[in-house]
Amino acid sequence: MTANDRSRAAAFRESTPGSEVELAYAGFDTFLKSDPGEIEDVAGADVAVLGAPYDGAVSNRPGARYGPRAVRRASGWLAYLSGYKGGLTNMRTGKQVDFGSLEVVDCGDVPVFPMDLETTAESITAHVATVAAQGVMPLFIGGDHYCTFPAFRGFAEGSEHDTVGLVQIDAHTDTAAESPVFGTDFHGSPTHHIAESPHTDFEHVAQVGIRGYESPEFFEFAEETGLGLSTIRDVEERGVRPVVRDAIEHAAAETDAVYVTFDIDSVDPSVAPGTGTPEPGGLSASQALAVVETLGEHPAVGAADLMEVAPPYDPTDDTARLAAYLVTTLLERQFAE
């Protein structure tokens, strides 16, 4: 392309209304159509997005390795709407938001090693820590839920917080210390590892939406350890917002910051079928949005992830679309005016 050709392209964009708006299905699939960036140079941003295309620690159906790409692609619709209209009104909350005003940097995917869980975990920790050390909120998109443990560790170490609370939105407790089949490190164990780490304990962990079947006498375990446990029945009986408010207060008490992890299987599989371990009777889409609206308004939230989106099980892309709305809503409540 000659210099003259380049100037013609620039002249066209400058003279043609609408050419500055990128369609949802065009361009690069970065989160919210944000600029790609180097992980070592995100200081000054509100959020740095990292993906983990890894599902080597699942105990059921694989496929979450494709989650980060699908969620990024789905988020393009919201970025397009905001750019096209010059901002948006959130009809659920009544708030005004312009996603173009969010300082989001998409740092791409961390290096993963499909046959090496330990090296993958080290990679996740190092990359999340690099973001946190610059005073920027890490937004982590998985990937299977085991990846939350090294991401949590990276946030705690990079931010140099003494104690970090955890709010876990999930169908499953993920508190297994060991499995005779899967060992000590799989997607049923991250909350156990987090609570046993130097950065927190079960007294600073709050779970919302737990359902299905758990280990014998799990309620006694929760009471003995101080785990803040709210099942899906609690959500149904008390309402989702009061339950989530109690959860974030539980995790924030006597901690320096709170890490939020949202497993998409917390949502009912009739709404979000694209996940590896679906459980019937979960959150509705509206309840899930209310969860992130409530969490996003709390000042203690310092990092967040969205895990276990497995696009191969959802040809409609509705699961990835909901995931993109959930993450975007959390950011909206944290940063947008």
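This is a predicted model: local features need pLDDT of at least 70, side-chain atom pairs count only at pLDDT 80 or more; totals for chains, interfaces and linings use all residues.
1. Sheet. Nine strands make up an open sheet with parallel pairing, in the order E1-E5-E2-E6-E11-E10-E7-E8-E9. Strand E1 (35-36) and strand E9 (228-231) are the edge strands, each pairing on one side only.

2. Pairing of E2 and E5. Strand E2 (residues 47-52) runs parallel to strand E5 (residues 104-109), and four bridges connect them. Val49 stands opposite Asp106 in E5.

3. Helices on the sheet. Helix H3 (residues 117-132) lies across E2 and strand E6 (137-142), at about 150° to E6. Helix H10 (residues 318-335) also packs on the sheet, where it touches E2, E6, strand E10 (257-263) and strand E11 (301-307). The direction of H10 makes about 175° with that of E6.

4. Helix pair H8 and H9. The axes of helix H8 (residues 240-252) and helix H9 (residues 285-296) come within 9 Å and cross at roughly 40°, and the crossing is right-handed. On the H8 side, Val240, Arg241, Val244, Arg245 and Ile248 take part, meeting Gln287, Ala290, Val291, Glu293, Thr294 and Leu295 in H9. By class, this contact comprises six nonpolar, two polar and three charged residues.

5. Cysteines. A search of the whole structure finds zero disulfides. For Cys107, the closest cysteine sulfur is that of Cys147, and because the distance is 17 Å, the two are too far apart for a bond. The cut-off for a disulfide is a sulfur pair within 2.5 Å. Cys107 counts as buried at 15% relative accessibility, and Cys147 counts as buried at 1%.

Terms used. Residues are numbered from 1 along each chain as its sequence is written. Side-chain values use heavy atoms; hydrogens and water are left out. Buried means under 20% relative accessible area, exposed over 50%, partly exposed in between (1.4 Å probe, protein chains only). Axes are lines fitted to C-alpha atoms, for helices over the stretch in contact, and angles run from 0 to 180 degrees between N-to-C directions. Helices (H or I, at least four residues) and strands (E, at least two) are DSSP runs, numbered from the N terminus. A crossing is left-handed if the near helix is turned anticlockwise from the far one by less than a right angle, and right-handed if clockwise. Contact means heavy atoms within 4.5 Å. Ala, Val, Leu, Ile, Met, Phe, Trp, Tyr, Cys and Pro count as nonpolar, Asp, Glu, Lys and Arg as charged, and the others, Gly among them, as polar. Two strands pair if DSSP finds at least two bridges between them.
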